[in-house]
Amino acid sequence: MLCLGLSGGLDRIHENSPALPSTFLHDGAAVLVRDGRVIAAVEEERFNRIKHSNKFPSRSIRYCLASAGIQLSDIDRIAFYATEAYCNAMLERLFVPEPNFSMPLDAKLAMHRLLAQEFGTEVDPSRISFVSHHLAHAVSAFSMSGFEQSLILALDGSGDFLSGLVAVGSGTEITQLATIPENNSLGRFYLETIRYLGYGLFDEYKVMGLAPYGDPAPYRELFEQFYELSDNGGYRVYLDRIGPALLRSIQVRRKGMPFTQQHRDVSASLQEALERIVIHVLRHYREATGMKRLCLAGGVAHNCTMTGKLLYSGLFEDIFVQPAAHDAGCALGAALMMSSDLGRPAPRERLQEVYWGPDLGTDCAIEQELNAWAGHLAVERSDDVAGRAAEWISNGAVIGWVQGRSEFGPRALGNRSILADPRPAANKDRINAMVKKREGYRPFAPSVLEEDAREFFDLPAGTGEFPFMNFVVRVRDSKRSLLGAITHVDGTARLQTVSRKTNPSYWEVIDAFKKRTGIPILLNTSFNNNAEPIVQSVADAIATFLTTELDGLVVGPFLVKKRAVTLEHWTSLAVSLPRYASVYQVRACTAGDRHETVCEIRSGHSSRGSARISRDLFDLLMRIAGEAVLGDLLDAITFDQARREALVKELRGLWEQRLVRLHPTYAARMQQDSDQILGEA
């Protein structure tokens with residue numbers, strides 16, 4: 001039996017209609033399950049390069065079908081990650097009567113139409129299902145936990161007019177014990193608070209990282225006014241009290257402003273309140289049900305500081321957190337629900353890895369992609385990439401590491417990672433500033449050889465395997481000064497243990513580093529900059545490598561360094577606009593309160609926003625139909641040398657923000673293919 005689970009939106013990325021807001025549906029993904037086992041899974045953002053994509057996951061579906069060698073007509077059941085009633089209600093609520101708004105206000109009809117448009121085939125409506133959002137969260141965790149029985153807690157911002165549920169799993173059945181209404185949403189509780197710290201939707205984890213710099217005591221009494229704990233594991237949050245109270249008590253931080261100790265202390269108080277509420281709920285249901293094991297899912301489960309506190313609390317003998325706990329994980333839960341309904345439940349096995357995404361391709365294909373950038377990249381093939389990469393890292397390099405199939409979700413890194421020496425504290429500052437281009441306080445995670453974890457980390461008894469970055473644990477006191485780049489200010493780290501069995505190539509590079517330094521650990525962070533999702537393809541990796549200060553790149557068996565690049569190398573590239581970007585002339589207020597016509601490049605997605613551009617660049621971009629060689633465009637407008645250099649610099653800055661694309665021309669790529677064939681002949 002083949003079941004396809006979907007999350008995301010009900011509109012397409014490029015269709016000419018108003019986009020549905022990401023607060024409704026987001027984290028698009030597709031997961032394909034055969035007889036209860038996952039065979040392919042990927043988030044749409046890896047393809048369309050839009051963080052938390054709220055569009056229909058067309059390319060993710062295509063990947064899943066291709067990986068299994070099947071057609072859409074071969075799928076026995078397709079399941080969407082919210083109830084039909086909820087989707088219909090939200091479509092009606094959000095509908096704006098514009099002439100170009102062509103989406104049906106019926107979710108099943110919209111789904112049926114999208115599948116027909118994207119795949120050119122009619123799908124029997126009886127094979128399309130809509131499932132409970134939070135039950136999908138719950139199933140995604142319990143079915144992958146390997147537990148025969150456990151308590152289950154799913155918590156997020158909202159979905160299906162709820163914000164969570166408590167349940168018990170036993171065998172293949174899940175029994176719901178309680179639901180949590182939207183007005184008690186802990187996701188919204190967190191989000192409403194961080195608005196006054198200069199953050200918004202999807203920034204919650206940043207505040208979690210800021211909290212250890214603060215002291216919860218100064219605002220503890222204030223935060224106790226925002227929630228109330230009651231008997232039988234109940235609680236109430238008062239979202240309407242948060243804004244007025246914080247406006248009276250702190251200086252509100254705007255985006256880009258420095259953090260004050262007030263902001264750090266508020267973060268600490270918020271984190272403490274979240275932990276107190278969750279532990280209150282779980283303590284009651286632990287006692288009421290007698291369950292000794294716990295499964296967690298939903299966006300709130302990504303708060304690894306909270307899950308770490310649960311780990312050390314002793315409330316449960318074992319805790320499993322679904323590594324794609326956000327809404328993309330509901331695609332997994334939806335597929336597993338359908339498979340179970342068809343008599344093929346997931347086997348009772350503990351999830352060990354989620355390398356379910358697209359592969360890099362053959363070595364020949366990788367080499368062709370790299371060689372197309374011959375003017376920018378020096379490429380060397382090696383039979384010992386692990387050893388050479390470890391040598392680079394031990395000598396101070398920060399590198400991109402890209403191998404095999406990509407990870408599903410953000411918490412199972414190792415195939416699309418940035419790697420560095422975990423020892424020098426300066427590495428944290430360097431990577432935050434020059435590679436990730438993010439706030440300097442943000443911590444980085446360690447990946448440690450599974451067999452060496454206890455030597456460096458103080459782990460609770462009975463634990464030792466942490467294949468996913470789901471728990472903050474204590475770094476041993478004696479190792480904290482040694483591991484300066486991965487030890488957070490409170491002496492903790494978000495740990496990942498690496499098994500030789502589940503990811504041999506990643507294990508080997510850590511082991512090679514150990515042989516050189518005696519340290520079986522690497523700093524590991526996701527391979528992306530601040531404007532994009534984690535890289536997926538070789539092309540993505542090259543773009544990120546060339547637009548950050550990374551020292552080296554390892555892709556498959558190839559070692560890559562940057563060349564000294566001339567202006568001619570840049571102008572030989574093609575330039576194009578991503579399909580989510582557009583160029584405009586607008587009237588705007590400029591210096592001296594004058595209204596002038598200015599030029600902008602805009603993206604409809606918050607991770608990129610918009611940027612002012614020069615009139616010269618506007619004129620150049622308006623000449624592009626599809627893609628064009630940059631040098632040809634510059635010649636056509638007859639720019640002098642100084643203006644050519646300025647425009648190339650401006651384009652490179654926009655490329656860094658992913659507002660334009662720079663890439664080898666189609667002709668150059670074809671020539672590389674031809675050279676490769678002739679060489680092999």
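**A sheet and its surroundings**

Guide: Strands β15 (residues 416-420) and β21 (residues 521-526) run antiparallel and are joined by four bridges. Across this pairing, Ile418 stands opposite Thr525 in β21. The model is a predicted one, and the description below should be read with that in mind.

These two strands belong to an open sheet of eight strands. Its order is β13-β23-β22-β14-β15-β21-β16-β20, and the pairing is mixed. The edge strands are β13 (377-381) and β20 (496-498), each of which pairs on one side only. On average, neighbouring strands of this sheet are turned by 30° against each other, with direction ignored.

A helix lies against the sheet as well. Helix α13 (residues 363-371) packs on the sheet and touches β13, β22 (552-555) and β23 (558-562). The direction of α13 makes about 10° with that of β23.

Five bridges link β13 and β23, in the antiparallel sense, and Ala378 stands opposite Lys561 in β23. β23 is also joined to β22 by three bridges, again with the strands running antiparallel. Here Val554 is the residue opposite Leu559 in β23. β22 and β23 form a hairpin with two residues between the strands, and in this hairpin Gly556 takes a positive phi near 55°.

That phi leads to a general point about the backbone. Most residues other than glycine have a negative phi. One is Lys437, which is not a glycine but has a positive phi of about 55°. Lys437 lies in the loop between α15 (425-435) and β16 (445-449), and β16 is a strand of the eight-stranded sheet. The relative accessible area of Lys437 is 25%, so this residue is partly exposed. The other is Phe161, with a positive phi near 65°. Phe161 is placed in the loop between β6 (149-159) and β7 (162-170), and with a relative accessible area of 35% it is partly exposed.

A second sheet can be set beside the one described so far. It is open and has three strands, in the order β28-β24-β29, with antiparallel pairing. Its edge strands are β28 (627-629) and β29 (661-663), and each pairs on one side only. The twist from one strand to the next averages 25°. Three bridges join strand β24 (residues 574-576) to β28, and the bridge partner of Ser576 in β28 is Glu627. Helix α21 (residues 630-637) packs on this sheet, where it touches β24 and β28. The direction of α21 makes about 75° with that of β28.

The aromatic rings complete the picture. Twelve aromatic pairs are found in a search of the whole structure. In one of them, the rings of Phe80 and Tyr81 have planes at 90° and centres 5.1 Å apart, so this pair is edge-to-face. Phe80 and Tyr81 are both buried. Tyr199, Tyr213, Phe259 and Tyr441 make up one aromatic cluster. Phe259 also has a charged neighbour: Arg253 lies over the face of its ring, at 3.8 Å from the ring centre. Likewise, Lys479 lies over the face of Phe456, at 4.8 Å from the ring centre.

Key: Residues numbered from 1 in each chain as written. Predicted model: local features only at pLDDT ≥ 70, side-chain atom pairs only at ≥ 80, totals over all residues. Heavy atoms only, no water. Phe/Tyr/Trp six-rings, centres within 6.5 Å; stacked < 30°, edge-to-face > 60°. Buried < 20%, exposed > 50% of the residue type's maximum accessible area, 1.4 Å probe, protein only. Lys NZ or Arg CZ within 6 Å of the ring centre and 35° of its normal. Pairing = 2+ DSSP bridges. Axes fitted to C-alpha atoms, helices over the stretch in contact; angles between N-to-C directions. Contact = heavy atoms within 4.5 Å.
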